Amino acid sequence: MITFKQVSKQYKNGTKALNNVDLTIEQGEFVVIVGLSGAGKSTLLRTINRLHDVTEGTVEIDGVAITEARGKKLYTLRRDVGMIFQQFNIVKRSSVLKNVLAGRVGYHSTLRMILGLFPKEDKGIAFEALRRVNLLDKAYVRADQLSGGQQQRVSIARALAQEPKIFLADEPVASLDPLTTKQVMDDLQRINRDLGITMVVNLHSMEIARRYATRIIGLKAGEVVFDGPIEEATPKRFMGIYGESLEDEDQKQNSDHEQKEAVQ
Ligand code: ADP
């Protein structure tokens, strides 16, 4: 359902972020993409909804090339792909409900959205999305009143309200503590299992990857260097591929994060 055909991506400054990537991801898979910092994970994810253009090759969603789509076709394809980010990207001064309703904008005219005229059914969809992430009671609370984990779950609800076929998550738990990490990853797992939405999630933690993924894809210098089920993604195998433990990378990034938090 998501197909990469010989995809390469070179940034304007000459950095080659993806090199000849061939991949097929089936509907309903829970794919985790791992690799060291700079491996190309974020770039790969962003070529799926065309936040980034590719330099060579094609990315198809259900057989339709998003890499070549224009205008209305691109707009409709993007609607099928929900995305969540490390920093949540929610509007902090708006209510939780308004943030979730923003997931519906792809279904209506621009004018209607400027006027904030969401049809009644959209409210129903937004409430149902909030129920799935256990935040129904927060619908009318301002988003900045919520904890980081709750804000991330608002962004999950917003992506859900889009009624997508695919969820992209770029380091969704990198800013969260272990307990909230579990809640957010459990939400993604439940959405994947209950609704059959395909998950493509970038993580730097092998431990979390092994716990949630049905398939792990390892990237190194823009190339796929591992693609298989979790049973094969052993620490020894990854040590062989990367020459260092990705678990160390996890600890390194966590301690970077803790240091930054301490400074703030
Ligand atoms: P990861 O998500 O695995 O950390 P990225 O996809 O962010 O990797 O980056 C892959 C490579 O592309 C890195 O060398 C990075 O520095 C480079 N890169 C990422 N974004 C840009 C950009 N906008 N312009 C130039 N180089 C970039």
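In the predicted model, the charged end of Arg79 sits over the ring of Tyr107 at 4.2 Å from its centre, and the charged end of Arg104 sits over that ring of Tyr107 at 4.1 Å from its centre. A charge is taken to sit over a ring if NZ of Lys or CZ of Arg is within 6 Å of the ring centre and within 35 degrees of the ring normal. Local features of this predicted model need pLDDT of at least 70 and side-chain atom pairs count only at pLDDT 80 or more, whereas totals for chains, interfaces and linings use all residues. Residues are numbered from 1 along each chain as its sequence is written, and side-chain values use heavy atoms, with hydrogens and water left out.

Three aromatic pairs were counted, where rings of Phe, Tyr and Trp (its six-membered ring) pair if their centres lie within 6.5 Å, and planes under 30 degrees apart count as stacked, over 60 as edge-to-face and the rest as tilted. Phe238 and Tyr242 form a stacked pair because their ring centres are 5.8 Å apart and their planes lie at 25 degrees. Ring pairs also link Phe226, Phe238 and Tyr242 into a cluster. Both Phe238 and Tyr242 are buried (under 20% relative accessible area, 1.4 Å probe, protein chains only).

An N or O atom in the side chain of Lys41 is 2.9 Å from a ligand oxygen.

Terms used:
A polar contact is a pair of N or O atoms within 3.5 Å; within protein, one must be able to donate a hydrogen and the other to accept it, and residues adjacent in sequence count only if both atoms are side-chain atoms. Buried means under 20% relative accessible area, exposed over 50%, partly exposed in between (1.4 Å probe, protein chains only).
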